[in-house]
Amino acid sequence: MSQLIALLAAAILAWQGLRSFATPPFAADGWLWMAGAAVLAAVAFARSEVFMREPQPRQTWHWAARAPLLAGLALLLLGIGVNVWANVTLHQKLYDIPATAAWVASLLLALVGAGLLQRRQASAPANAGAGAGVTPEALTHEAAVQQSAISAFSQETPDSQHSPWYRRLPYLELALVALLAGVAIFFRVYRLTTMPPGIFIDQTNGALDALAILEGRQASPFGTSWYEIPTLYVYFMLGMFKLLGTSWLALVLASVVPAVLTVLAVYPLARTLFGVPTALAAMAFMAFNRWHINMSRWGWIEVATPFFQVVSVYFLVRAAKTRRLLDFALAGLFLGLGMYMYLAIRMAVGAVALYVLYRLLVQRGFWRAWVGLALMALLYLMTFSPLADHYLRNPFTFLNRSQQVTIANDIKQAGSYQPLWENLRRHAEMFTVRGDSNPRHNLPGAPMVDPVTGALLLIGFGYGLWRVRDHRYGLLLIWISITLAGGVLSSLGEGPQAFRTLGVTPAVAILAGDVLVRAWVALRRGLAPRPTAAPSSPGPDGLPLPWNAWAGLSLVAPLALLALAAYANYTVFFDQQAHNEAVWQAFSPMETAVAREVQSKLSTHSLYLAPRLFYFSPLIFLTYQAPGDGGGGLREKPYRMAQPVDDLPLPDTSGQDALFLLDTHYQDLLELFTAYYPGTTSQMVTGPQGQPLYLSVNVPGAEIVALHGLSGDYNGVTRRDAQVNFTWPQDWPAGAAPGPVTWTGALRMPHTAQVDLRSEGDLQIEVDGQPWDGGRMLGKGLHALRLHQVDPAAAGRAALLWTVAGQGEQPVPPEVLFGVGLPQHGLIATYYNGESWSGPPAFSVISPLVLYAWAEAEPWPAPFSSTFSGELEAPVDGSYFFTVNGDDGVRLWLDGKVVGEAMQPDTANEFNATVSLTAGRHAIRVDHFQRGGGKALELWWQPPNGPRQVVPPRVLWPTQE
């Protein structure tokens, strides 16, 4: 009964501690309450802890017979030799398929050799000594685990092994594990298309690396790619794409699969440490751990790290029990493979090394396992060595990301260690007080674990400190502490950091599961009536306890706590977190929405995207069409980049509607479209709360086609000609009398280029009102075009041909000829060689407005300078607020005076200017120069009582100053 009282008191104090944590600034009180709960829990567990102690079988080496021993040594040495050859070859040529295959073969040879070196240790029968009063400490490991299962689920004694119920126990255990695996899968795939609400850019950047390899790029598995991520993980993603196709599902399954495997791996590890009941509880806590669930659904690398950490530790713990060399070798192999995952695995390696050192210090005789530990280190080095060589030759790839996010930067800036202590406090409180505030990692600020898991974790941490000489608790405390260091040593601005510390979740689940089972044992002992005669079957704590109604009733409490924890994680993740606006904003909502609209319209529209949207990696991935399937791969995308300022009218002659996806500020600039295509419609695409994301503009295909061609006047008869390439008289219009013919319209240059126009049939050519007298530089955009033939009959031919940028001569194609005039609104853009606006102009065009994010080849090779000049029509008297953005330098003139400038080269510049203007027209000029790097230029204003917007075409007039 004293155990039950202590347990209930611990529960009350834990509840009070959680309440204090939930109402800062009283968090310090919460730590006191939880410390008291841990002490009382230890009192409740004290009576039974000797009986739940991990069995320590006699550990001796069992070497194989001579022939297998020699074969094992030979294979091990052969594996080492092949590994050395592979590393030498890879050092000389990082991408080498035979050497990579040899590296894989060397690991397999070493594993087979380790397996042959040692024969399996014989296990005592499950009932050995059970009827003779042998204590659990005397049982072998397998027998102890089996007895734990019996005690937990059956009233049968070990002597009743042949009863039907006993024979069903393995199936019951398997069924429960399968049930928990189903729970884990459910939490990681339920509503997967809506949570997370978007596609994070990092995951698609990694996917694009995989697609590049798929298209033939030679990338070594032992190199690094996006953000110094090891390339072997990229090959794993590539394998998912080969198996499931290049799809969003394949992308997210790249994290769902290792996440579920991690949950499954927790079970054998916890079972090896504490037995079946704790393993089931730990697996349950891991299955519905919201922290792990959230990271499991991204399609990114971080969730693979805990899997390799759990499996490596499992084989190490099992090897320490069985002394099997193969287990030691597998521990080293999986720890080495983990180095090819997320960078946080480095903390896992540190935790494993510290755990081994800890056992050497606290466990007498553990040093005798030095052969196995040496083999573990050997397999780790053999596995990691090719990547380690890459790091040695390219230290930047090993250190860069760590140096970017290290707290040493904060310490240096603060001049003290205060940022480190603050980060330590934040990470100590992240489980139950305040978690990661990054909306991608967590519901901002919410504790990382549910209240049930949090309370059990803190109690378990305190209990583990009391039992620190028990290597199981030493393992879990080291695991949690060292893995958390990955966040503690990160930038204070990110603290607490849930992404880099995800590896703590398995240890948290096991520690919470252990406390839950121990509490159940104490509760069962407190509820069970004292028997009049000792039964022959020990209870789950090794003491004589009958399985009766009280024992069954005691299961209600732990099962209720598990259900409460599962419900808490479900509601927070699928309700609060899924509907949180900050979470929605964090997952690239605009990029995701653009990608999904483009994906849905690929077969029905010609697609044009603004420069800022064009390069989104979610868009590139979701619309990827493999070259082998008739697509253009990564090089030729199924959509085009377009700036309405100089990409209208459209060159498309397919007849399909054109869909433009543009930045939101284009909603004020629809006149760019309606000037050419009156049937244009638009829609502002918004988020769930009405947040504007981007503008979708639809241009009718019929209007696009109708605008093509030059207007031909055949001596009073007019028609639209797609191009000028005729033979007279057979191409002469029916009903038109012989005589001169004139074609008018515009030539739209798709890009700035040196152009040479030539005619056949003695055509008179005028471009921009000037007779064509030889090769000329024409800027991207519209140029007025007039052709006149005096005597078609005598000429017998009429053709307009061009040579663009030195390419072969050909007839001017239909897609660049339009029956329109030059824009009536805008500014005259004049470009010069050099940065000083001097010398003869290279070319001029009319720009409808000043809103450019130039592609690499446009508008002119740097260094260059430009002026945008004309008149600005102020609608009313008042104060006008202007903003000019430029990369590089910019200057704004109004009425002949400089009103603002920012002329710093090789960087982006911005300035604001407030100017009083009277209603009417005012001379305006924007100067811009470009030395190198990015190229951009924007002119914004805010009229009196009006919105801030790009200066629209309707107030700009292309007149000379």
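**Entry 1**

I started at aspartate 768, which counts as partly exposed because its relative accessibility is 31% (buried is under 20% relative accessible area, exposed over 50%, partly exposed in between; 1.4 Å probe, protein chains only). The model is predicted: local features need pLDDT of at least 70, side-chain atom pairs count only at pLDDT 80 or more, and totals for chains, interfaces and linings use all residues. Residues are numbered from 1 along each chain as its sequence is written, and side-chain values use heavy atoms, with hydrogens and water left out.

I found aspartate 768 in the loop between β11 and β12 (770-771). Its phi is positive, about 55°, although it is not a glycine. I then checked aspartate 762, in the loop between β10 (753-760) and β11 (764-767). Phi of aspartate 762 is also positive, near 55°. Aspartate 762 counts as exposed, because its relative accessibility is 67%. Most residues other than glycine have a negative phi, and most peptide bonds are trans.

**Entry 1: prolines**

I looked for cis peptide bonds next. One runs from glycine 495 to proline 496, with omega near -5°. Proline 496 sits in the loop between α20 (471-488) and α21 (505-527). Another joins alanine 862 and proline 863, with omega about 0°. Proline 863 is in the loop between β20 (851-853) and β21 (864-874).

Proline 558 belongs to helix α23 (residues 556-577). Is proline 558 buried or exposed? It counts as buried, because its relative accessibility is 11%. Leaving out residues up to four places away in sequence, I see proline 558 touch Leu516 and Trp520 (contact: heavy atoms within 4.5 Å). Tryptophan 520 is 38 residues from proline 558 in sequence, and their C-alpha atoms are 6.5 Å apart.

I counted 30 helices and 29 strands in the protein chain (DSSP runs numbered from the N terminus: helices H or I, at least four residues; strands E, at least two). Glycine 216 follows α7, with a positive phi near 115°.

Helix α18 has 12 residues, 418-429, and reaches 17 Å, close to the 16 Å expected. Its buried residues include Pro419, Glu422 and His427.

**Entry 2: a lining**

I looked up the lining of the second largest cavity. The lining divides into six nonpolar, three polar and two charged residues (Ala, Val, Leu, Ile, Met, Phe, Trp, Tyr, Cys and Pro nonpolar; Asp, Glu, Lys and Arg charged; the others, Gly among them, polar).

**Entry 3: whole chain and confidence**

Of the 961 residues, 56% count as buried. Among contacts between residues at least 6 apart in sequence, 73% join residues at least 24 apart.

The chain averages a pLDDT of 88, and 90% of the residues score at least 70 (the predictor's confidence in each residue, from 0 to 100). I marked residues 121-162, where pLDDT stays under 50 and the model has 70 contacts beyond four places in sequence. Residues 532-545 also stay under 50, with 33 such contacts. Where pLDDT is low, the predicted coordinates should not be read in detail.

Key:
Expected span 1.5 Å × (residues − 1).
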